[in-house]
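My entries follow in the order in which I looked things up.

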Amino acid sequence: MILRSLSCRFLTIALCDAAEPWQLGSQDAATPMMQGIIDLHHDIFFFLILILVFVSRMLVRALWHFNEQTNPIPQRIVHGTTIEIIRTIFPSVILLFIAIPSFALLYSMDGVLVDPAITIKVIGHQWRASTQPYEYSDYNSSNEQSLTFDSYTISEDDPELGQSRLLEVDNRVVVPAKTHLRMIVTPADVPHSWVVPSSGVKCDVVPGRSNLTSISVQREGVYYGQCSEIRGTNHAFTPIVVEAVTLKDYADWVSNQLILQTN
C-alpha cells in the first residue's frame, strides 16, 4: 500500500487537460500542433539518451586508462583520425535530425496557414486581472454589436464540486471541435500572454501591438491555462478555460449568447 501510494504520488503522468499534482510530462494533446510538440520532445529525448550513453562510455574509458592503480603507465593517445571524424559528423547528423522537424513545427506555429472559420479576440487589462474580455467578431446581435463577454475567475472560496482551484471561470471560451480558429490577442495597457498547454498555444503581446495564432481543437473537452505574464497583483492567477463542443452545441451557445446580449 505504501509503495502504491508513493508511485501514484511521484509517477503521475498527465492524462487530463489540466495540471495535476506531481505531474510528469505534458498534458494530453488537443491540437495537431501540440501533438507535434510532444513528438518532437520524444525524438529529442531519444538523442539525449544516445549522447548520455556515448559520453558516459568515454568518461569510463578515460578513468580506466588513466588510473594510476590499474594502469601505472598510461596510454599515450594524442589523437585519432577516426574518432575525430566521428565526433564531428555524428553531432552534425543529430542536429540535422532535430532541425528538420523543428523548422516544420515552427512554420506551422508561426501564423494562420488555413482560412479560419471563426475569429476570437482576447483583450488583456492591467486593473482587471481576474477577468479577461473576449470578442467573437464574426457574430453581431440585433443592435450590430459583436458577441462579447467577460470571463471572471471563480474565487477560491466559492468553487463548486469538481472545479479546479484558481483555474475555473464563470464564462468559458466555447469553440467548436475540429474547426480552424484564429485567436487575436491584444493588451489594453500591459503585456499579456494567452496560454493553453493542451493546445500548444502561447501567444505573447505587448501594448500597442496585436498578435495572432491559429488552433484547431480535435476533440471535445475542457482545457485549462493561465496568463504567464506577471504584471501586478493577481495577474499570476488569470485563468483561461476553453471548452470544445460539437458544432450543433456551439451554434446553440452562440444563439443564446446573442439573445442574452440583446436583452
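I began with strand β8 and asked which of its residues are buried on each side. By buried I mean under 20% relative accessible area, by exposed over 50%, and by partly exposed anything in between, with a 1.4 Å probe and protein chains only. Strand β8 spans residues 192-196, and because 5 of its 5 residues are buried, the strand is largely enclosed by the rest of the structure. Helices (H or I, at least four residues) and strands (E, at least two) are DSSP runs, numbered from the N terminus.

A note on what I am reading: this is a predicted model, in which local features need pLDDT of at least 70 and side-chain atom pairs count only at pLDDT 80 or more, while totals for chains, interfaces and linings use all residues. Residues are numbered from 1 along each chain as its sequence is written, and side-chain values use heavy atoms, with hydrogens and water left out.

Next I looked for the partner of β8. Strand β9 (residues 201-205) runs antiparallel to β8 and is joined to it by 5 bridges; two strands pair if DSSP finds at least two bridges between them. V196 has V201 of β9 as its bridge partner. The hairpin of β8 and β9 has 4 residues between the strands, and G200 there takes a positive phi near 70°.

G200 came up again when I checked T31. T31 sits in the loop between β2 (23-24) and α2, and its 5% relative accessibility is why T31 counts as buried. Which residues does T31 touch, leaving aside its neighbours within four places in sequence? They are S198, S199, G200, S216, V217 and Q218, where contact means heavy atoms within 4.5 Å.

I then followed helix α2, residues 32-65. Helix α2 has 34 residues and reaches 50 Å from its first C-alpha to its last, close to the 50 Å expected at 1.5 Å a residue. The expected span is 1.5 Å times one less than the number of residues. Its buried residues are M33, M34, I38, L40, F47 and H65, and they pack against α3 and β10 (211-215).

Helix α3 (residues 81-110) got the same check. At 1.5 Å a residue its 30 residues should span 44 Å, and the end C-alpha atoms are 43 Å apart, which agrees. I94, S102 and L105 are buried in α3, and what covers its buried residues includes α2.

L105 counts as buried because its relative accessibility is 14%. Apart from neighbours within four places in sequence, L105 is in contact with M33, G36, I37 and L40. M34 is 71 residues from L105 in sequence and 9.6 Å away in space, C-alpha to C-alpha.

I turned to a sheet. It is open, with 3 strands in the order β6-β12-β11 and mixed pairing. β6 (173-176) and β11 (221-226) stand at the edges with a single partner strand each, so one side of each has no neighbour in the sheet. Neighbouring strands of this sheet are turned by 25° against each other on average, direction ignored. β6 and β12 (residues 239-245) run parallel, joined by 4 bridges, and V175 stands opposite A244 in β12. Helix α4 (residues 247-262) packs on this sheet, touching β6 and β12, and its direction makes about 135° with that of β6. Axes here are lines fitted to C-alpha atoms, for helices over the stretch in contact, and angles run from 0 to 180 degrees between N-to-C directions.

K178 lies in the loop between β6 and β7 (181-187). Is K178 buried or exposed? It counts as exposed, because its relative accessibility is 64%. Its phi is near 55°, a positive value in a residue other than glycine. Most residues other than glycine have a negative phi.

Last, I noted totals. The protein has 4 helices and 12 strands, and buried residues make up 33% of its 263 residues. Of the contacts with a separation of 6 or more, 58% are between residues 24 or more positions apart.
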